[in-house]
Amino acid sequence: MKKLLALVLALVMALGLCACAKEPADDKKEAMKVGLICLHDENSTYDLNFITAFKEACEKAGVTPVIVTNKPESADAKEAALDLVDQGCSLIFADSFGHEPYLIEAAKECTDVQFCHATGTKAHTEGLSNYHNAFASIYEGRYLAGVAAGLKLNEMIDSGKITKDQAKMGYVGAFTYAEVISGYTSFYLGAKSVCPTVTMDVQFTGSWYDEAGEKEAANALIKGGCVLISQHADSYGAPTACEVAGVPNVSYNGSTEAQCPNTFIISSRINWAPYYSYCIDAVKNGKAIDTDWTGTIATGSVELTDLGAKAPAAGTAEKLAAVKAGLADGSIKVFDTKTFTVGGKTLDSYQADVDDMGDYKPDTEVIKDGVFLESNFRSAPYFDLRIDGIKCLNEKF
């Protein structure tokens, strides 16, 4: 009987029926495996940004990267996470907002594996020691990109190409999430800091990646009088529409100069490599990973690409260097309440929905000393104010 029980146990282990069980460390075994779950693939500027940083960090740390792509925001994400556990990954990342509930389910089942989710909101309320959120102060990068856009508008005004009243930008956004609102607002405020008459129209697509839809949105904005376009969407749709129309463009997550040599100004991006490196080091050395981690310009997590060769206004590099220094030393605050109004009024108080319980109820005071404290109470953005000067042409969630 004992032999039979031993045989059955051996068979169970051989078949891998304990999906979340991790074998003890053995120096003779292969390098530590780290997994990444992506919403799309390298054809998405968003996912490519994650993939490039992931490979860089894994190579630097001497660990084995395992990347799975085109996993929708559904139960497929959980299945992908469990499969990565089966493959031996002791640390798993996911890159899209809607992956979060499924990654949390996997974390609850596989308590000896660390799960890290970019752009998520629930780690600080879930209370799981193996589930973590991360983001970066990308609003600072978008603000800088907005300064570059504002300088381009000034150049167009000075040359007589447009009047001050025609300084209208367009913005292609995916969803009306706080992340997108925070992003387009910081971009607008950056432009407004150097071009006071600027206004902006926003067109939502209802998708993170829809090349045809993003191109259509950009063309509609151009037709509506927008003389410069930016975006928070993941394809080349908007930039290529700008190149065809000869309209200056500020992209996101990487340079589009190769595709748009005549119209590309600059792009901001989150560099995820510092976060990946931090988490890999923590797991290797048995250290705790921050429940909520926010990267900054100082950590190398917020970056700008090189300026385009043709489209930027003269003096852009010098101005960006000065503004970047101001952001770094705190003399410039992106969401300084003196720089914007809501319904014609300057705000001195605002309750935001920081604890994302699914009820969309405000719970935290986020304005202090005249500044909206974005990404201070959790890493993911919660700025959802609709400020004056920005017009949303549609609403898609």
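1. In this predicted model, Y171 stands opposite S230 of strand β8. The setting is the pairing of β6, residues 168-173, with β8, residues 228-232. These two strands run parallel and are joined by five bridges.

2. The β6-β8 pair belongs to a seven-stranded sheet, whose order is β12-β10-β9-β8-β6-β7-β17. The sheet is open and its pairing is mixed. Its edges are formed by β12 (302-304) and β17 (390-392), each of which pairs on one side only. On average, and with direction ignored, neighbouring strands of this sheet are turned by 20° against each other. As background, the strands of a sheet pair through backbone hydrogen bonds, in either a parallel or an antiparallel manner.

3. The packing of helices α6 and α7 deserves a separate comment. Two packed helices are described by the angle between their axes together with the distance between those axes. Helix α6 spans residues 138-158 and helix α7 residues 178-192. Their axes come within 6 Å and cross at roughly 40°. Angles under 35 degrees would count as roughly parallel, and the roughly perpendicular range starts at 65; α6 and α7 are therefore oblique to each other. The crossing of α6 and α7 is right-handed.

4. Which residues of α6 and α7 meet? On the α6 side they are Y139, R142, Y143, A145, G146, V147, A149 and G150. On the α7 side they are S182, G183, S186, F187, L189, G190 and A191.

5. How many disulfides does the model contain? The count comes to zero, under a rule that requires two cysteine sulfur atoms within 2.5 Å. For C38, the closest cysteine sulfur is that of C58, at 11 Å, which is too far for a bond. For C279, the closest cysteine sulfur belongs to C116; the separation is 3.8 Å, and this too is too far for a bond, because the limit is 2.5 Å.

6. Are C38 and C279 buried or exposed? C38 counts as buried because its relative accessibility is 0%, where the cut-off for buried is under 20%. C279 is likewise buried, with a relative accessible area of 0%.

7. A212 is found in helix α8, which covers residues 211-223. With a relative accessible area of 55%, A212 is exposed, since the class begins over 50%. A212 and N130 lie 82 residues apart along the chain, and their C-alpha atoms are separated by 39 Å.

Key:
Residues are numbered from 1 along each chain as its sequence is written. This is a predicted model: local features need pLDDT of at least 70, side-chain atom pairs count only at pLDDT 80 or more; totals for chains, interfaces and linings use all residues. Side-chain values use heavy atoms; hydrogens and water are left out. Buried means under 20% relative accessible area, exposed over 50%, partly exposed in between (1.4 Å probe, protein chains only). Two strands pair if DSSP finds at least two bridges between them. Helices (H or I, at least four residues) and strands (E, at least two) are DSSP runs, numbered from the N terminus. Axes are lines fitted to C-alpha atoms, for helices over the stretch in contact, and angles run from 0 to 180 degrees between N-to-C directions. Angles under 35 degrees count as roughly parallel, over 145 as roughly antiparallel, 65 to 115 as roughly perpendicular and the rest as oblique. A crossing is left-handed if the near helix is turned anticlockwise from the far one by less than a right angle, and right-handed if clockwise. Contact means heavy atoms within 4.5 Å.
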